[in-house]
Amino acid sequence: MRDIVILHENEEWLVPLRAEFEKRGVQAKEWFLDTGVIPFSELPEDAVYYNRMSASSHTRGHRFAPELTRMALTWLENSNRTVVNGTRVLALEVCKLSQYAALQKAGLNVPKTQAVVGKELLTEAAEKFAEWPLILKPNRGGKGLGVIKFDDVAGLKSYINSDDYEEPLDGIWLLQEYIQPKQPHITRSEFVGQKFVYAVNVNTEQGFELCPADVCSVDDAFCPTSEAPADGNQPNKFTITQRFNDHEIIFALEAFLKANDIDVAGIEFIEDAKGELYVYDVNTNTNYNQSAEREAGVKKTGMGALADYLISLAQ
């Protein structure tokens with residue numbers, strides 16, 4: 001059995017995966033990518049390399065982690081090593097507009113979106129967009145960072161001219177139509193090895209100012225890995241649902257994953273009042289809610305499925 005090497009920049013996200021490996025008598029290696037050297041002229045170890053780099057790495061002080069990871073993945077792929085979620089996947093992780101293009105090409109609905117570079121152009125672009133309310137979100141964000149819903153142009157102008165305004169990391173803003181959900185939740189579908197594992201509804205009734213499409217708040221209060229709600233009193237925001245187990249959108253998403261060489265992902269979609277489903281986010285660095293898994297009594301957890309998949313590749 002070859003070694004398994006996990007490329008990452010967040011120790012906390014690896015805790016449940018380490019536990020699953022330990023249950024199976026396997027210990028994976030870890031490659032922390034924040035700063036480092038890529039020995040491109042040398043031959044890398046013949047192992048299974050799993051990329052868990054996130055677009056939100058800069059929120060943890062790891063500004064250039066995705067760029068360094070891209071160099072590492074380029075080196076590994078150039079040496080024909082086994083890579084799970086390679087350079088093509090990383091490019092999608094850090095660019096939402098590229099996600100929408102790939103999703104549309106696969107025949108999936110995405111919200112109407114425009115890209116804007118330049119603070120001075122946002123108001124005019126929003127007025128021409130003529131979709132109110134609308135969402136302003138960074139093209140490269142993570143954890144719902146910088147995602148704001150505006151009901152009118154006055155609110156947008158006020159934000160742009162306030163001290164709260166911050167340029168997105170890559171300089172690109174996305175203006176996006178707000179999809180009013182039929183029910184107060186979004187749905188996140190989990191895939192491992194390009195196969196559907198389960199879907200989870202994420203409640204959005206707390207009234208936070210983020211688009212329901214982006215449930216993770218900046219302080220991780222809504223992070224899917226949380227064992228319990230932040231205040232300890234509210235019910236779990238995450239509920240595994242059987243509704244989409246044999247739904248056509250799951251088959252379409254599996255085809256999308258295969259077409260884009262994505263092995264592991266959590267893909268979020270929302271249902272509007274008419275019953276139309278819109279896909280709006282592809283998380284190639286995915287986490288799982290253990291409380292929801294226990295409550296639903298799932299036969300195989302998300303991290304368990306992931307550990308088994310990586311071990312099967314290593315064998």
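## The sheet

Let's start with four strands that form an open sheet in the order β5-β8-β6-β7, with antiparallel pairing. Strands here are DSSP E runs of at least two residues, helices are H or I runs of at least four, and both are numbered from the N terminus. Two strands pair if DSSP finds at least two bridges between them. At the edges stand β5 (113-116) and β7 (148-150), each with a single partner strand, so one side of each has no neighbour in the sheet. From one strand to the next, the twist averages 25°.

β6 (residues 134-138) and β7 run antiparallel and are joined by three bridges. Leu136 has Ile148 in β7 as its bridge partner.

## About the model

This is a predicted model, where local features need pLDDT of at least 70, side-chain atom pairs count only at pLDDT 80 or more, and totals for chains, interfaces and linings use all residues. Residues are numbered from 1 along each chain as its sequence is written, and side-chain values use heavy atoms, leaving out hydrogens and water.

## Helices on the sheet

Helix α6 (residues 153-160) packs on the sheet and touches β6, β7 and β8, where touching means heavy atoms within 4.5 Å. The direction of α6 makes about 135° with that of β7; such angles run from 0 to 180 degrees between N-to-C directions, with axes fitted to C-alpha atoms, for helices over the stretch in contact.

## Two packed helices

Elsewhere, helix α1 (residues 15-23) packs against helix α9 (residues 302-314) at about 60°, their axes 9 Å apart. Among the residues in this contact are Leu17 and Phe21 in α1 and Leu306 and Ile311 in α9.
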